[in-house]
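Biologist: I would like to learn how to read a sheet and a pocket in a model such as this one. Could you take me through it step by step?
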Amino acid sequence: LSTVKTPLEPADDAGTTSVQLALNWYPDAQHGGFFAADELGIYAKRNLRVKILPGQPAVPVLQNVAMKRVEFGVANADQVLMARAQGMPVVAVFAAMQTSPRCIMVHRESGISSLRDLKDITLSLGAGKGFATFLEKGGYLSRVKVVPYTGSVAPFMVDKSFAQQAYVFSEPLVVRNEGADPVTLLVSELGFDPYTSCLITHEDTIRTRPELVRAMVQATQVGWTTYFKDAAKTHERILRENKQMDLASLNFGQEALRTLCLPPDTPHDTIGRMDATRWETLAKQLVELGLIDDASAWQSAFDLRFLAVDPQP
Amino acid sequence: VAKWQGRCAKQRRIEANHAVKRNSTDKPTQNGFTSSTALRWILHRAVPPLIAAALFVGGWSAAVQFWQIPSYLVPSPSAVGERLIADRQLLITAWWLTGQAALSGLCMSLLMGTVVAVAFSQSAWLRYALYPYAIFLQTVPIVAIAPLLVMWLGYGRQGVIAVAFVLSVFPMIANVTAGMLAVPEPLRELFMLYGATRWQYLTKLQFPTAVPYLVTGLKTSSGLSVIGAIVGEFFVGYGDTGYGLGYLIRNAADSYQTANLFAAVVLSTLLGIAVFACISLLSEWAMRRFGG
């Protein structure tokens with residue numbers, strides 16, 4: 001982090017503002033819109049020079065945004081609420097995925113077809129994550145052996161009675177390519193459905209540089225719309241950034257993300273939009289789960305003012 | 001020869017005494033333990049660290065207040081204290097689970113380290129062939145192989161113990177091997193002169209010589225076994241039998257609860273100290289029994 005430049009650097013001579021965007025995972029289809037906005041010059045057109053920092057397991061995105069080491073980050077809605085409960089002044093200004101891609105991936109051979117009949121398996125889950133606590137407190141894990149999640153699908157491949165957390169558009173394809181036959185069980189179907197891959201920033205940035213936030217949010221909106229139209233160049237870019245990734249996975253991811261980002265059963269004129277009642281519901285759920293103490297400040301966790309109804313490139 | 005023997009035995013006694021003294025600086029020796037020496041010990045040995053601890057906690061608390069350090073970066077000592085009290089049941093259970101795994105790994109290291117060192121000491125060829133690899137294996141990053149160990153051994157306690165073992169076995173091998181080979185030349189010649197058998201040479205000379213080295217190895221390994229158990233728990237955990245300290249550390253980090261993380265780290269440190277203290281007591285006994 002010592003190489004990170006001074007935060008909130010003012011615009012340089014050419015009127016271009018340099019900002020950093022910290023990803024929450026290795027570059028992947030779930031960041032498609034961000035890479036599209038950068039690769040296709042959509043950020044540049046709004047005088048933004050965005051440096052996209054790849055993530056990895058346990059990368060402290062929210063902390064880095066809270067400490068102003070980076071201007072923007074990618075995180076999920078439940079993490080934003082939990083971080084705010086610990087005093088981090090972070091705010092979500094855009095939500096890429098309307099439906100959470102979070103799922104539990106089991107082998108078809110296990111015979112399990114619903115989260116309600118999880119039993120006799122070893123399940124690897126991220127400790128302390130909202131959805132894991134939701135499953136645990138909901139009693140869905142009473143008949144399984146829970147073990148830590150390490151970010152690798154290798155244990156899944158060697159054991160038919162093994163299950164793990166996953167994003168529907170990512171790990172299932174990886175294990176299918178390796179010869180497994182996975183079944184994915186969406187956690188959102190049980191009612192825990194936080195906005196996923198939100199663009200987050202610092203409260204101070206919103207207050208002192210609202211135009212920067214607006215430019216970033218609206219360019220990101222265009223980036224995502226463009227990503228769903230034509231992902232070829234963006235995927236080339238992601239493949240350059242993440243050598244472990246392959247084109248088939250990205251194409252599969254893009255298709256799966258289309259329904260998660262623009263759900264067919266709702267009017268989807270505005271990509272990235274957020275619904276206040278869903279934030280409220282989520283905050284109350286997190287209180288019930290004991291992950292935050294107080295749900296009353298849920299309104300401060302997100303800001304809808306920067307989203308354009310019909311973003312123009 | 002008798003003079004040599006006497007001189008060497010004396011030398012060894014001196015070295016051993018030094019080792020005992022070095023290792024027991026925190027405790028009074030048995031002889032001369034009167035009330036005045038007890039009081040002096042408290043004043044000289046117990047009070048300074050307590051003052052240092054009080055200054056440290058006071059400084060920490062003041063720094064958090066003065067610079068308004070947010071709690072997700074550095075929680076105040078009182079916040080950590082609150083977590084220690086509120087979660088004591090969870091923390092003590094985790095402490096015990098992790099401690100068991102660390103001690104199991106350490107015992108395996110002691111056994112394995114001794115067996116390998118005996119083999120190395122009996123055959124120079126074996127030692128030349130394998131010792132470089134023992135050193136080489138020591139440098140393999142544990143976080144890289146821990147997930148592999150889990151895959152090979154399956155999830156559960158055995159995986160945690162395996163990581164603790166892998167991390168703590170190499171100092172044992174290195175130290176005990178060095179000890180077995182550290183027999184003073186005159187004593188070796190004496191044993192040869194009297195036609196000692198290989199078994200006698202091993203049990204009556206090599207092994208006693210190695211005891212101080214073994215003790216040093218154990219002390220190094222005791223800390224490593226605790227670290228190994230915690231790293232193992234990052235990747236393995238115990239499934240349904242409870243949570244270890246490693247799990248609690250990851251859980252706290254993932255939910256941004258830094259005070260909980262500090263509380264788990266405090267317990268981890270106490271575990272390291274407890275294991276070290278056990279080893280120190282044990283080694284004092286061993287030095288008296290075998291090494292003196």
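Predicted model: local features only at pLDDT ≥ 70, side-chain atom pairs only at ≥ 80, totals over all residues.

Biologist: In what order do the strands of the open sheet stand, and which pairing do they show?

Modeller: Strands of a sheet pair through backbone hydrogen bonds, either parallel or antiparallel. Here 5 strands of chain A form an open sheet in the order β2-β1-β3-β10-β4, with mixed pairing. Because β2 (48-53) and β4 (90-97) of chain A each have a single partner strand, they stand at the edges, and one side of each is left without a neighbour in the sheet. On average, neighbouring strands of this sheet are turned by 25 degrees against each other, direction ignored.

Biologist: Which strands does helix α9 (residues 210-229) of chain A touch as it packs on the sheet?

Modeller: Helix α9 of chain A touches β1, β2, β3, β4 and β10 of chain A, and its direction makes about 15 degrees with that of β4(A). Helix α4 (residues 77-85) of chain A also packs on the sheet, touching β3 (72-75), β4 and β10 (196-202) of chain A, but the direction of α4 makes about 170 degrees with that of β4(A).

Biologist: How many residues line the second largest pocket, and which lie nearest its centre?

Modeller: The lining comprises 33 residues, of which Trp25(A), Gln56(A), Pro57(A), Ala58(A) and Lys129(A) lie nearest the centre; they divide into 16 nonpolar, 11 polar and 6 charged.

How values were computed: Residues numbered from 1 in each chain as written. Chains lettered and ligands numbered in written order. Heavy atoms only, no water. Pairing = 2+ DSSP bridges. Helix = DSSP H or I, 4+ residues; strand = E, 2+ residues; numbered from the N terminus. Axes fitted to C-alpha atoms, helices over the stretch in contact; angles between N-to-C directions. Contact = heavy atoms within 4.5 Å. 1 Å grid on protein atoms, 1.4 Å probe; cavity = no way out; pocket = protein on both sides within 12 Å on 5 of 7 lines; lining within 4 Å. Nonpolar A, V, L, I, M, F, W, Y, C, P; charged D, E, K, R; others polar.
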